[in-house]
Amino acid sequence: MENDILQIGNKNFKSRLIVGSGKYPDFKTTYDATIASEAEMITVAVRRVNITNPNEENLLDYFKHTNISFLPNSAGCINAKEAITLFRLTKEATGIDFIKLEIIGDTQKTLYPDVIETLNACEVLAKEGFNVLAYTNDDPVMAKKLENAGASAIMPLAAPIGSGLGIQNRYNIAFIKAAVKIPVIVDAGVGCASDSAIAMELGADGVLTNTAIAQAKNPILMAQAMRDAIKAGRASYLAGRIPKKPYATASSPNDGLLEFS
C-alpha cells in the first residue's frame, strides 16, 4: 500500500482523501481537521474563502508550512464564462493551475451541476494548461465527454451536495470507472466514514468530502475516521472481494469429517 500512489494530472498523492474548507467555524478548526485527515489537498471556494487578499485573515497562512496543496474551486459560478474568468484570475494571483471545476445549474434546491456549461469550460481551461478536476453528475457518458475535453479527473456526485445521503447509485460509479482512464473521485453527498469506504470498494480512485467532516459533532474524530475508511476501502478493493452467491458455503470443507456411530 505504501507504493499505491494516486496520480492526477501532473501531481502524485499518497492520500486518496481530498477535504473541503467550507462550513467550519474558523480557519483553525479547518486546519486541525485537515491535518487529522492526512489529506494532501484541500478545496477552497475562491469566491467565498480568502486566499488572495493578504490584508485579511488568509487560509493560506494556516497551511504554508505544510505539504497540503490548495485546490481552488468555482463554487458560486453558474456558467462557463464565470468559471473561466475566475480561474484565470486565481492563477494570476496565486500561480495555481490545479483546479476543481464546479458549475451549478440548479442553485435553489438540488445544487446539481450544469454539465453542458461544465463541459464547455473544461475544454477551454484544459487547452490553457489547467489541470481540471471536473465535478459532474453520475453519468458515464458525460464522464467520457469530460475526459475527451481534457479533464484530469472526473468527480461524480454520490448524492446532492451536503445531503449526507451517501452513494445513491453504486452502479453508475462503477460504470464511470469503467468508462474513463483518468482518476474518478467521488464527490458530494458523503455522510459518514462507511460511505467513503463503499466508494473505494467500488473502485473509485479517491473521495472528496467537506460537510461530513466540517459539520460532524467532532470534526477531528470524523476526519480521522474518513482517513481510515479510505485506506480500508482501498485495501478491500485491491484485495478483491469474494463472489456473491445465493446460498451458504461452509467455511470448513466436508471432506475428512469425523464420523460418529
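**Close-up views of a predicted model**

**View 1. Cys-77 and the cysteines.** Cys-77 counts as buried, at 1% relative accessibility; buried means under 20% relative accessible area, exposed over 50%, and partly exposed in between, with a 1.4 Å probe and protein chains only. Cys-192, with a relative accessible area of 32%, is partly exposed. The structure is a predicted model, in which local features need pLDDT of at least 70, side-chain atom pairs count only at pLDDT 80 or more, and totals for chains, interfaces and linings use all residues. Residues are numbered from 1 along each chain as its sequence is written, and side-chain values use heavy atoms, with hydrogens and water left out. A disulfide is a pair of cysteine sulfur atoms within 2.5 Å, and by this rule the count is 0. For Cys-77, which is in no disulfide, the nearest cysteine sulfur belongs to Cys-122, 15 Å away.

View 2. Thr-209 belongs to strand β10, residues 206-209; strands (E, at least two residues) and helices (H or I, at least four) are DSSP runs, numbered from the N terminus. With 3% relative accessibility, Thr-209 is buried. Beyond residues up to four places away in sequence, its contacts (heavy atoms within 4.5 Å) include Leu-17, Val-190 and Met-226.

**View 3. Nonpolar cores.** A nonpolar core is a set of buried Ala, Val, Leu, Ile, Met, Phe, Trp, Tyr and Cys residues joined through side-chain atoms within 4.5 Å. The largest has 43 residues, and Ile-185 is among those with the most contacts inside it. Helix α9 (residues 219-239) supplies the largest share of this core, 4 residues. Another core, of 28 residues, lies apart from it and includes Val-115 and Phe-130.
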